[in-house]
Amino acid sequence: MGFKEKCFKKSLWVFHLSAGSCNNCDIEILDLLTPKYDVERFGMKLVGSIRHADVLLVTGIVTKKTLPRVLEVYNQAPKPIVVIAIGACPCTGGIFASGYNFAGPLDKVIPVDAYVPGCPPKPEAMLAGVVKLLNKK
Amino acid sequence: MGKKTVVPIGPYHPLLEEPEFFKLYCDGETVVDMEWETGYNHRGIEKICESKTFEQVFYVVERICGICSTSHPFAYANAVESIAKVEIPVRAKLIRSIVGELERIHSHLLWVGLAGHFLGYNTVFMWAWKYREPVLDMFEIITGNRNSYAMFTIGGVRRDISAEQATQLLKVLDDVKIKTDLLVGAVMDDPVLHARLKGVGILTAKDIHDFGAVGPTARASGVDIDVRRDDPYAAYDMIKWKVITTPEGDVFAKAKVRLLEMYESISIIQQCLELLKKEKVGDIKAKVKEIPAGIGIGHAEAPRGEVFHFVKSDGSNSPVRHKIRAPSYTCIPTFRRSCIGGTISDAAIATAAVDPCYCCTERMTQVYDHRTGKRLMNAEELIKLSQQKTEEIRKKIKV
Ligand code: SF4
């Protein structure tokens with residue numbers, strides 16, 4: 001288990017950043033909080049400020065206009081922080097990779113710890129992503 | 001007027017799902033002016049569409065907005081089919097309407113939840129989203145995915161609805177109806193919500209006409225427009241339903257319109273399923289050989305209002321021009337009427353009331369200087385600028 005994973009055994013606080021998404025991944029993240037999935041059982045919750053967060057969830061492609069903001073948010077985050085790319089968009093650019101406003105996959109911009117592919121990934125997939133990350137040897 | 005204070009909100013703010021930036025100019029508690037900046041979410045979809053084939057464009061337009069991921073393909077299908085002059089089978093029409101209305105139910109439930117969340121009434125948020133889950137499960141059963149259904153294709157739909165699925169769907173609808181009753185009871189009779197929402201963020205019918213707002217926003221101000229009735233497409237002229245309007249124009253009226261529309265959607269789906277029994281199973285797609293040269297216009301009533309697609313074809317296998325206008329594009333500017341003059345605390349719910357969707361709205365516009373009439377940027381300059389910026393970014397992130 002790496003240092004980061006050791007730090008984050010309990011009660012992860014999550015900050016959600018939509019870089020340039022279609023909203024679908026975002027509503028699926030919100031779905032995680034609502035009664036069917038209810039991740040607050042595990043002490044996870046969405047927080048309003050990156051300065052309180054342990055996990056940064058990024059959805060959507062990084063567009064040219066959001067690029068400086070994404071960097072800014074990452075710089076403001078208390079380290080160590082876990083960055084998870086949610087959806088095909090931040091992983092590779094997905095369907096928008098050929099667009100003129102696409103500034104590159106997320107891992108070219110900030111270091112990424114886990115990728116959850118899918119367009120949109122199911123809430124279960126997001127949970128599985130976090131679990132895999134925590135169990136990393 | 002006293003000293004103005006600027007309250008910046010965004011681009012990343014706990015209340016905002018998407019990146020956008022608001023500047024509220026306040027005098028004490030009162031909002032006296034506001035500005036907003038979008039463009040964070042601009043992904044260049046119209047241009048991407050031009051590089052795809054007509055079939056592939058469906059999956060691009062679906063990802064304009066995840067919440068209305070049927071409305072955009074709906075309008076696009078109407079546009080392309082108007083170029084190709086195909087008549088789609090009745091069964092496909094019915095299935096299209098069913099998916100469209102299911103989407104309206106899920107979108108309105110989502111809005112009710114978010115509106116509750118904006119008010120700090122998280123119980124409503126949890127309720128509404130809990131009741132939304134069976135609808136999403138139903139989507140998964142019918143289309144194979146919870147969102148982004150990939151259901152439409154040129155000339156029809158890609159999957160049929162079987163008899164078992166229909167029975168299952170009817171059961172879910174009955175359930176949703178009971179839950180809607182519950183929500184309507186919780187919202188309409190709640191004295192706290194009355195006090196909080198009545199008379200807040202009022203838009204008059206004149207405001208609606210001035211800004212060209214559409215959808216539930218317009219209908220809540222007594223403007224009786226609905227594409228489904230005014231220019232019927234798919235199966236909407238085969239069934240009986242009514243357009244919900246109410247004259248008040250405040251946030252409460254918008255909630256009321258949306259909640260009551262859910263009943264209409266349920267009844268539309270039930271009627272469609274009834275009609276579906278009479279159609280031949282499997283007859284869901286008309287053959288389309290080619291898309292001739294021409295211009296096609298299609299619109300559809302999304303949960304938020306009219307979606308408009310313009311497609312130009314030159315006879316090749318991909319569109320040469322694709323123009324999209326989403327409902328939020330005209331609804332968002334109404335903020336200037338609904339927020340200015342109100343208090344800061346009302347601004348959040350007044351903006352949320354039109355159910356703005358910024359990822360739909362991020363279209364690019366050309367700018368003309370209004371004094372000289374000169375175009376400030378032409379395509380070449382923009383491309384140059386874009387290349388220049390890409391170069392800068394490349395350097396910055398070292399790829
Ligand atoms: S990955 Fe797909 S669903 Fe998620 S934001 Fe991107 S386009 Fe939307």
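**The pocket and its surroundings**

Author: The second largest pocket holds about 920 Å³ of space. A volume here is the space filled by probe spheres set on grid points, which are joined across faces, edges and corners. The grid has a 1 Å spacing and covers the protein atoms alone; a pocket is an open set of points with protein on both sides within 12 Å along at least five of seven lines, a cavity is a set where a 1.4 Å probe fits but cannot get out, and lining residues have an atom within 4 Å of a point.

The model is predicted: local features need pLDDT of at least 70, side-chain atom pairs count only at pLDDT 80 or more, and totals for chains, interfaces and linings use all residues. Residues are numbered from 1 along each chain as its sequence is written, chains are lettered from A and ligands numbered from 1 in the order in which they are written, and side-chain values use heavy atoms, with hydrogens and water left out.

The lining of the second largest pocket comprises 43 residues, and those nearest the centre are Pro14(B), Leu15(B), Leu16(B), Glu17(B) and Phe118(B). At least two lining residues come from each of strand 1 (13-20), helix 2 and strand 2 (45-46) of chain A, and from each of strand 2 (21-27), helix 4 (90-118), helix 5 (122-143) and helix 14 (344-352) of chain B. These elements are DSSP runs numbered from the N terminus: helices are H or I with at least four residues, and strands are E with at least two. By class, the pocket lining has 28 nonpolar, 8 polar and 7 charged residues. Ala, Val, Leu, Ile, Met, Phe, Trp, Tyr, Cys and Pro count as nonpolar, Asp, Glu, Lys and Arg as charged, and the others, Gly among them, as polar.

Helix 2 of chain A also belongs to another site. Because residues of both chain A and chain B surround the ligand, the site is shared between chains.

Asn23(A), in the loop between strand 1 and helix 2 of chain A, has a positive phi of about 85° although it is not a glycine. Pro120(A), in the loop between strand 5 (114-116) and helix 6 of chain A, is joined to Cys119(A) by a cis peptide bond with omega near -5°. Most residues other than glycine have a negative phi, and most peptide bonds are trans.

The structure contains 6 cavities of 30 Å³ or more. The largest cavity holds about 190 Å³, and 17 residues line the largest cavity, with Val14(A), Leu32(A), Met44(A), Leu57(A) and Val130(A) nearest its centre.

Helix 7 (191-197) and helix 11 (251-276) of chain B each supply at least two. The lining has 13 nonpolar residues, 1 polar and no charged.

Helix 4 of chain B also packs against other helices. Its axis comes within 9 Å of that of helix 11 of chain B, crossing at roughly 155°. Axes are lines fitted to C-alpha atoms, for helices over the stretch in contact, and angles run from 0 to 180 degrees between N-to-C directions. The two helices are therefore roughly antiparallel, a term for angles over 145 degrees. Their contact has 18 nonpolar, 3 polar and 6 charged residues. The axis of helix 3 (residues 71-84) of chain B comes within 10 Å of that of helix 4 of chain B, at roughly 150°, so this pair is also roughly antiparallel.

How values were computed. Near = heavy atom within 4 Å. Parallel < 35°, antiparallel > 145°, perpendicular 65-115°, else oblique.
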